[in-house]
Amino acid sequence: MAALTRLPRPSSARALFSLTCFFLRPGACAARSMATKSAFRLSNAIQATGRPPIPQAYEWAESYAATPARPLLDMSQGVPGVPPPPAVLDALAKSAATPQNCGYIPNAGTPELRRAMVAEMKRAYGEDADVTPEDLAVTAGCNLAFVAVAMTLADAGDEVILPVPWYFNHEMTLTMLGIKPVLLHTYAREGFMPSVERCAALITERTKAIVLVSPNNPTGAIYPPSLIASFARLARERNVALVVDETYRDFITTHTPHRLFSKPQSGGVASENNHDTPSADWDWRSTFIHLFSFSKSYCIPGHRLGLICASSEIMPSVNTALDSLQICAPRPPQVALAPLVPTLRSFVRETAEAVAHRHTLFKERLPPRWVIGSQGGYYAFVRHPFKGKHANEVCKRLAQEMGVLTLPAGFFGPKGEEDRTVMDEDRWVRFSVANVDDKKVELVCLRLAESEEAFGWELD
């Protein structure tokens, strides 16, 4: 290629697990409950793909005896903690009840929603952002957007660079497609920021793309615009795509996420004088592919809408993949949202500010021995204080004994040897601050402090 509805809260851990299985991972949960002998052989690629880890955490929570006075506190999943505004719910209901919205639409999405999202992107990245509706395709969620882009860019045997800790669905997708994930390790001492220099050393003739997630899932790290520009510069120099998943973009409240969609300032400002622009002749369409999700910003994860922004020259190829995967993304939410998107800006901002407040509260109330390595978007990545204990073991006991549901770092990287020495990178835990209120954040922190004595383990 050229350089390139709110649901009722479950009453128990078992109900939580069942709800998660039903909506998220029915196949995985069915495998848990029944074993059958098939007369046919399954795909080698699917068998090589790791199982979704979230159901494992809910299995741990099944052992917890929740009471009204001491309920299960769930900080595991990245789900919105509030429903969308009534105007959105009303529009969704009306749209779903309209007969014509039962029909197909172009697989790139409705023109109205794509035009609306161009306007939102200009607000997010600057009015000079060079984006058109022809650069956009609406997808059935951001995970599917990633699948379509991976299918468009790479063949089996090719390589894609992923920072570790990774978002597990990205690694699962690549493995299913026979694409090799090449691991770009990030470290607590660097705030879990990926290194451009280490990434450059990983690029080979089989590398097709570098994938970033900012704000990051699972670490919460927010990559500075200058770092994203440096990765864009590297990708262009080495003729690979830069794919950035910006699902949590609207939860950056302090600065513009990046300036990749903008052309350099008049006169051709050189990159060394403008660190947020990759080069003086930068054109994002040569290199950059942007992914976005409606789930977090608009609090509609069950309606499955995502977005791809890429050069209109490669969009026909993307749409070939999308036509095979989805035909079209769900029509009713597209019709419902298109006219409302501009009116939802204050809701999106207020939601982001509420999550930012919760991050501050979590940091203030966290027991001193629990150390935050990075936080942002929906997540805080925290080092537990138990010497020689793997985060998997810590999270299991937190769920079973303390009623605090979290996810260990081991869910976001390659599986290590179970009997090996526990290293620093094995001691990190992801907390989602988005799906709990302030009171629950405080209760979680109190229980973490309790665990230091209750577990009887040596502390830092």
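Phe288 is buried (under 20% relative accessible area, with exposed over 50% and partly exposed in between; 1.4 Å probe, protein chains only), its relative accessible area being 1%. The model is predicted, so that local features need pLDDT of at least 70 and side-chain atom pairs count only at pLDDT 80 or more, while totals for chains, interfaces and linings use all residues. Residues are numbered from 1 along each chain as its sequence is written, and side-chain values use heavy atoms, with hydrogens and water left out.

The structure holds 21 aromatic pairs, where rings of Phe, Tyr and Trp (its six-membered ring) pair if their centres lie within 6.5 Å, planes under 30 degrees apart counting as stacked, over 60 as edge-to-face and the rest as tilted. The rings of Phe261 and Phe288 have centres 5.1 Å apart and planes at 55 degrees, so this pair is tilted. Phe261 is likewise buried, at a relative accessible area of 1%, and Tyr125, Phe261, Trp284 and Phe288 form one aromatic cluster.

For Phe362 and Phe431, the ring centres are 5.2 Å apart and the planes lie at 45 degrees, so that this pair, too, is tilted. Phe362 is buried at 0% relative accessibility, as is Phe431 at 0%. Contacts of Phe362 (heavy atoms within 4.5 Å) include Met75, Ile372 and Val441, residues up to four places away in sequence not being counted.
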